[in-house]
Amino acid sequence: MRLSEVGSDDPRAVSLPPVPLLVGLVAAVVVSIFTVWLIGGNGIVATVYAGGLVALAIGALAMARMHGAVPGESLAQPDWTVTAAAIGNRRLAIAITDRANRLTCANDTYGDWFGQPEPPADLAFPDRGRSAIAQAAKAAWRDGRGGIEELIWNEGDRERRFRVKVLRAGRGEDYLVWRISEIVVEHSFDGLAGRISGPLGAVMSRAGVELALVAPDGIVLAHSPGLAERSEGRADISLAGKEFVRLLRTDDRERIFFAREGQQGTPQTLVHVPLEEPGATPLSEPDQTPSIMFLIDSAVGLGGGWESSGKTAVPQLEALLSALPLGLALTDRDGRFLFANKAFLRAVERDQGGLPQYPSDLVVREDKGPFADTVRRFARGATASGDIAVRLANDREEPVSIGLAGVRGLGDAAVLLSLSDSTEEKRLRRQVAQATKMQAVGQLAGGVAHDFNNVLTAIIGYCDLMLLRHTPGDSDYDDIQQIRANSNRAASLTRQLLAFSRQQTLRPVVLQLPDVVSEVSQLLKRLMGDKVEFSIRHDRELGPVRADPQQLEQVIINLAVNARDAMQAHGTRTGGEWKGRLTLATRRVSARDVRKLGVDIMPADDYTVLIVQDTGGGIPDQVINKIFEPFFTTKEQGKGTGLGLSTVYGIVKQSNGFIFADNVAGPEGLPSGARFTVYLPVYKGAVPIAVQPGESDEQKASEWTGGASLLLVEDEDMVRAVAQRALTRAGYSVTTASDGEEGLALIANGKGEFDLVVSDVVMPVKDGPAMARDIRRVKPDLPILFMSGYAEEHLRSEIDIENMHFIPKPFSVQQINAKVAEVLSEQVRAK
């Protein structure tokens, strides 16, 4: 039943039947009652019958009235034009979609930005953007809200970025409200031209302050209306394109006047504010950025304006400077601070502690005197501007450039200091410097390890030869064993150096990180002891990584032992019974999460993350950037080599990963601690089938009985001598050469038939790979065994020679004999 258009104000009122129909119904009722009375002959029965009909009529009317209370189809649909008018917003695109993904309403901004009357899911975003929109809508229907941090829209050659928020709404929750805002990167002087020439400039002109935005070459870019009126006589004239200095003139007392007014006008106070970019380097030229020129009329004093004494100028100028994004401060003639805006306090990292009395208190001791003298010179001399490079007391490593400008006519204010907030730039510069330093130290460590391996090869070799002539119980046997044991210990240190320099030999396989953690967890529990609570947590659906499992175990052990020592040392310092907690966790990090981190040195990709967190008090700020350097340790003398974390760093970097360290708050009841986060890229190729192990090296070596002719090429005399003696004792005929040229000459001149060439890699005159390529032209099938302290994988990628073999330095007598026998055995089987 439709709603009535007239009658009662009650919306449940229903329309009455027509009058003829009512008359007919009444007549039918009367006839029916008369018939009952006539047939029955009883008035009581007829009366009861009439009462029943009346009750039925009343019930029918009540049912009709109740039916009319339910809205019918004639109810009007929502007027979306009213909604569109209500959601109008020039900076926010708003759209409303229903459960069928139909666009029911959108404001004008939505149409201006995207130009299509389509729902967000059907707009021409890239595939990744469409997927993000679908995920956001799904989250909103499920959880009530969703969002996208960054959505890219390509508009011709222009790329725009948006942030999206989605909210489920409606009485039946049948609609999604999309709020889309543009991400705009603003510069320090963006929008200033429009503000200066618009209402802000008009307000300042009425207060006696004229503004001009001036390019680095002195050309006016924008100005307040009053500046045109004072300099040209008309406010509607544009001064853009004119030289700013030509608008002014000075007298013999260096007072500034408008050129049009001359000395008949009032003196002006000129304040020059350079607009440096927040990312500008401290040593950048100050004349490469636009500037704001303030011209303050010193004669306006009535009605609370600018007084000639300048006493009320400073508070109003402070309010103006506080609104600017550039760090600005004012000092008096004695060099004391009068004011600093928030940007200046952030730049000097004093936003919490406030300003000191003098600007020189902000810099290191060596710069205090020159800085104080410069401030006083600008305060008492002629009006001028300049800059000085100083080092702030809270950041001694990075110099900053502070701009200075002398001001006059502003009461006690005499010098304007300017400083850009370069915190983000300094952070990036430290990251680059740290990466460069670690690379340089790694190259040095690799070179030292290579040379040290030659020395250790000779020491270990001679120890093995001496042990062949001594038996247990001899007076010298134990001493020789001690020499050999300490040499092996030194060899492990060189392997750690090679790990740091990313030059060790890795055998990477595709694996799951939780499997490696599980393998080493039992060992870690024994290493931690009873006072450390050890816990492990894993994310689901972790991606596989490609790494050497043994080296990853070394990474976990080194980090865990380092955490245990830190917790023990922290407990000893604080006194009493100590306890700690070590947490190992694996996480899944997507490319979108990496972009949110804002780490520029790490590509945006999918990673599997290992987190090692302790409660050992954390890492001091002054050493956190040095902890991965080799031989750097905070432990007591004799209790650490300083190679644990550097080895971790090298293994992670050689596995194409990244490692970061930071401090985090501790769990309830426990102190804060350090957190090491290792990012390993997810392996996206096909997972290889596990290969069954073949014959061992001993089985291969046992197939060869000796008697071969060898050419030994080594530039280090001690290594060449010990290798010659070892191979000669094993039954080989050995011919030696001191460099690649001599070795090549022995083969090219036919001085002998050789079954194998054993050669060093790095040699003067001609190195091993160059000699090997020349030998292959004469003897294409002659096998070559390289000896080197560098990584086998690195050498194979650099050399790329067929039938090439490798033995790492340092090696023992038994190892080189076994390797030579293995190579010769392979040649026999190949034939």
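Predicted model: local features only at pLDDT ≥ 70, side-chain atom pairs only at ≥ 80, totals over all residues.
Local features need pLDDT of at least 70 and side-chain atom pairs count only at pLDDT 80 or more, while totals for chains, interfaces and linings use all residues. Residues are numbered from 1 along each chain as its sequence is written, and side-chain values use heavy atoms, with hydrogens and water left out.

Aromatic pairs come to 13 in the structure; rings of Phe, Tyr and Trp (its six-membered ring) pair if their centres lie within 6.5 Å, with planes under 30 degrees apart called stacked, over 60 edge-to-face and the rest tilted. Take F114 and W153: their ring centres sit 5.1 Å apart with the planes at 80°, so this pair is edge-to-face. The pair ties together distant parts of the chain, 39 residues apart, with F114 in helix α4 (residues 108-114) and W153 in strand β3 (residues 145-155). Helices (H or I, at least four residues) and strands (E, at least two) are DSSP runs, numbered from the N terminus. F114 is buried at 4% relative accessibility, and W153 is buried at 6%; buried means under 20% relative accessible area, exposed over 50% and partly exposed in between (1.4 Å probe, protein chains only). F114 and W153 also belong to one aromatic cluster with Y110, W113, F125 and F162.

As for charge, D474, D476, D478 and D479 make up a negative patch on the surface (patch residues have over 30% relative accessible area and no salt bridge, with like charges joined within 9 Å and nonpolar side chains, namely Val, Leu, Ile, Met, Phe, Trp and Tyr, within 5 Å). A salt bridge here is a side-chain nitrogen of Lys or Arg within 4 Å of a carboxyl oxygen of Asp or Glu. D476 lies in the loop between α12 (423-469) and α13 (477-500) and, at 37% relative accessibility, is partly exposed.

How values were computed. Areas by Shrake-Rupley, 256 points an atom, 1.4 Å probe, with all protein chains shown as cover. Lys, Arg positive; Asp, Glu negative; His and termini not counted. Charge placed at Lys NZ, Arg CZ, Asp CG, Glu CD.
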